[in-house]
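Okay, thanks for having me. Let me put the model up and walk you through a few spots.

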Amino acid sequence: MSTPGRTLPPMDADERATLESWLDFYRTTLALKCDGLTEQQLREASAPPSALTLLGLVRHLAAVERFWFRRVLAQEDAPTLFSSDPDASSANSGFDLDESATYEDARRIWQAEIEHARKNCASRALEDTGVYRDGPVTLRWIYTHMTAEYARHCGQADLIRERIDGSTGV
């Protein structure tokens, strides 16, 4: 089963391929939820009082990619995204939009972070660790956490997209 541009992860792959495939599946799902919308629609809030938007989700997940795959796993000194606080976690980064925030910029940054994440993971084993809260965290755990993060936000994206134009599925 697949959707144009998105393939269901293999059901008989090894652990690493399974983890990577599910993460990529949800990355693609979010991109598909945003396809075909105007800049204004991408900034449309889900439902009052929530200010959650598809643009905010893309920005947030760019920050989350950077945090887990660069700052935690690779211990890079990568500045935070969408926050002036250099010590900020990615938990709330990206959701708040100002007038200068655009989907084109957010998508470019998000895709760059995904590519950087892939490079950081390519030579590492699932047992390799980064440091989070002064303790070790494995790449396996990060992949699992990121899949859950994307799945949760893709569910939100489903509801936002349906509210915008009635589109469901994908």
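First, a term: buried means under 20% relative accessible area, exposed is over 50%, and partly exposed sits in between, with a 1.4 Å probe and protein chains only. So C154, at 3% relative accessibility, counts as buried.

Quick housekeeping. This is a predicted model, where local features need pLDDT of at least 70, side-chain atom pairs count only at pLDDT 80 or more, and totals for chains, interfaces and linings use all residues. Numbering runs from 1 along each chain as its sequence is written, and side-chain values use heavy atoms, with hydrogens and water left out.

Back to the cysteines. How many disulfides does the structure hold? It's 0, taking a disulfide as a pair of cysteine sulfur atoms within 2.5 Å. For C154, the nearest cysteine sulfur is that of C34, 9.0 Å away. C121 is buried too, at 2% relative accessible area. Its sulfur is 18 Å from the closest cysteine sulfur, in C154, so that's too far for a bond.

C121 also belongs to the contact between α3 and α4, where contact means heavy atoms within 4.5 Å. On the α3 side, the residues include L55, V58 and F69; on α4, W110 and I114 are among them.

Last stop, T147. You'll find T147 in helix α5, residues 139-165; helices here are DSSP runs of H or I, at least four residues, numbered from the N terminus. T147 is buried, with a relative accessible area of 15%. Leaving out residues up to four places away in sequence, T147 touches L19, W22, L23 and Y26.

How values were computed: Helices (H or I, at least four residues) and strands (E, at least two) are DSSP runs, numbered from the N terminus.
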